[in-house]
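Please consider the structure shown below.

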Amino acid sequence: MFQNIKLGALIAGAVALSAPVAKAENFINILTGGTSGVYYPLGVALSEVYGETMPDARVQVQSTKASVENLNLLQQGRGELAFALGDSVKDAWEGNPEAGFKAPLGKLRAIAAIYPNFIQVAALKDAGATTITDLKGKSLSVGAAKSGTELNARKIFDAAGMSYDDLGKVEYLPFSESVELMKNRQLDATFQSSGLGNAALKDLSTTQDVTFVAIPADIAEKLGAPYKAGVIPAGTYPGQDADVPTVAITNILVTREGVSDEEAYQMTKQLFEHLDTLKAAHSAANGISAEAAVQGLPIPLHPGAERYYKEIGILK
């Protein structure tokens with residue numbers, strides 16, 4: 001009997017030794033934004049790329065309130081990759097409490113500077129607003145409270161010599177909800193910070209007569225980096241027949257300390273080797289390039305990302 005038990009144990013041990021060793025899964029949670037913005041479709045495209053090219057990775061996409069929430073979640077270890085606005089990343093690194101960061105978020109690391117966000121202020125045509133100062137006395141949605149968009153709004157109004165007190169009414173709503181209120185004539189304008197071709201603004205300008213409100217170049221000059229002067233090209237939205245001057249801010253793909261060098265390397269490499277997939281998901285990805293990816297970053301590069309840029313000759 002004991003011999004049988006010993007024999008069974010030996011067989012079980014041999015089977016265990018001969019069985020293939022399962023590789024540990026790497027979990028990648030991609031933090032994006034609202035589903036009507038640009039972060040979300042690009043995050044979905046990235047998840048498909050990583051799912052196909054990183055066999056040991058289990059990837060999911062999380063819709064969030066975008067930049068500020070994403071950066072706080074990363075610091076807490078509740079995400080591996082996040083989309084965020086450059087000024088929010090700077091505020092997070094420095095620990096700006098007014099921007100929603102009670103202390104410096106020292107675990108943040110950069111993967112890449114990607115495409116620019118454009119400040120896009122759409123007003124109902126009968127509101128009569130053509131430039132930023134014309135919004136005095138108007139009702140305006142400035143994005144979700146403490147979101148990257150809302151922080152942009154505060155800074156831009158301040159540079160224009162205005163504050164929320166100058167507005168008739170302020171709503172703190174995501175892009176799509178703002179548009180619904182405008183369709184119902186309950187709101188004069190919406191302030192949105194996103195890539196060009198925003199789905200919510202396409203929907204709005206397809207169904208309503210709207211004016212895209214100009215933000216003069218001197219506003220960008222007053223704000224300084226990471227803000228710069230930009231243009232919403234004519235034809236970006238239905239009925240928009242002229243270029244509109246505005247302000248642009250670079251977006252950054254951010255990871256965190258604790259994500260392995262190999263995982264960060266692969267996330268960076270597969271991003272740039274599959275840009276066509278991202279461009280097919282949203283035209284904003286046309287603004288992404290490896291050459292610009294390391295420029296003007298307010299936080300350190302992750303060593304894994306740095307390895308990739310050295311490999312392709314962008315960094316020495």
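In this predicted model, Val38 has a relative accessible area of 3% and is therefore buried, the limit for that class being under 20%. Val38 is situated in the loop that lies between β1 (26-31) and α2. Which residues does Val38 touch, if those up to four places away in sequence are not counted? They are Tyr115, Ser194, Gly195, His282 and Ala284. A further reference point is Glu273: the two residues Val38 and Glu273 are separated by 235 residues in sequence, and their C-alpha atoms lie 20 Å apart in space.

The chain as a whole provides the setting for this residue. The protein chain comprises eleven helices and ten strands, and its C-alpha trace extends over about 95 × 45 × 40 Å along the principal axes. Of its 316 residues, 50% count as buried. When contacts between residues at least 6 apart in sequence are considered, 74% of them join residues at least 24 apart.

Five of the five residues in β3 are buried. Leu81, Phe83 and Leu85 point one way from the strand, whereas Ala82 and Ala84 point the other way, and burial applies to all of them. How do the neighbouring strands run relative to β3, parallel or antiparallel? β1 and β3 run parallel and are joined by two bridges, with Leu31 standing opposite Ala82. On the other hand, the pairing of β3 with strand β10 (residues 244-256) is antiparallel and extends over four bridges. Within β10, Val254 is the bridge partner of Ala82.

The nonpolar cores come next. The largest nonpolar core contains 82 residues, among which Tyr50 and Phe272 touch the most other members. β4 supplies the largest share of this core, namely ten residues. With neighbours within four places in sequence set aside, Tyr50 is in contact with Ile28, Ile30, Val59, Leu81, Gln266, Met267, Gln270 and Leu271. One of these contacts, Leu81, belongs to the set of β3 residues that points the same way as Phe83 and Leu85.

The remaining topic is the space left open by the protein atoms. The largest pocket holds about 370 Å³ of space. Its lining consists of 26 residues, of which Gly33, Gly34, Lys65, Ala66 and Phe175 are the closest to the centre. Which elements each supply at least two residues of this lining? They are α2 (39-53), β4 (108-124), α5 (148-159), α6 (175-183) and β7 (189-194). By class, the lining of the largest pocket has nine nonpolar residues, 16 polar residues and one charged residue.

The second largest pocket contains about 230 Å³ of space. Among the 13 residues that line it, Val210, Thr211, Gly239, Gln240 and Asp241 are the closest to its centre. Strand β8 (residues 210-212) contributes the most to this lining, with three residues. The class composition here is five nonpolar, five polar and three charged residues.

Conventions
Residues are numbered from 1 along each chain as its sequence is written. This is a predicted model: local features need pLDDT of at least 70, side-chain atom pairs count only at pLDDT 80 or more; totals for chains, interfaces and linings use all residues. Side-chain values use heavy atoms; hydrogens and water are left out. On a 1 Å grid over the protein atoms alone, a cavity is a set of points where a 1.4 Å probe fits but cannot get out, and a pocket is an open set with protein on both sides within 12 Å along at least five of seven lines; lining residues have an atom within 4 Å of a point. Grid points are joined across faces, edges and corners, and a volume is the space filled by probe spheres set on the points. Ala, Val, Leu, Ile, Met, Phe, Trp, Tyr, Cys and Pro count as nonpolar, Asp, Glu, Lys and Arg as charged, and the others, Gly among them, as polar. A nonpolar core is a set of buried Ala, Val, Leu, Ile, Met, Phe, Trp, Tyr and Cys residues joined through side-chain atoms within 4.5 Å. Buried means under 20% relative accessible area, exposed over 50%, partly exposed in between (1.4 Å probe, protein chains only). Contact means heavy atoms within 4.5 Å. Two strands pair if DSSP finds at least two bridges between them.
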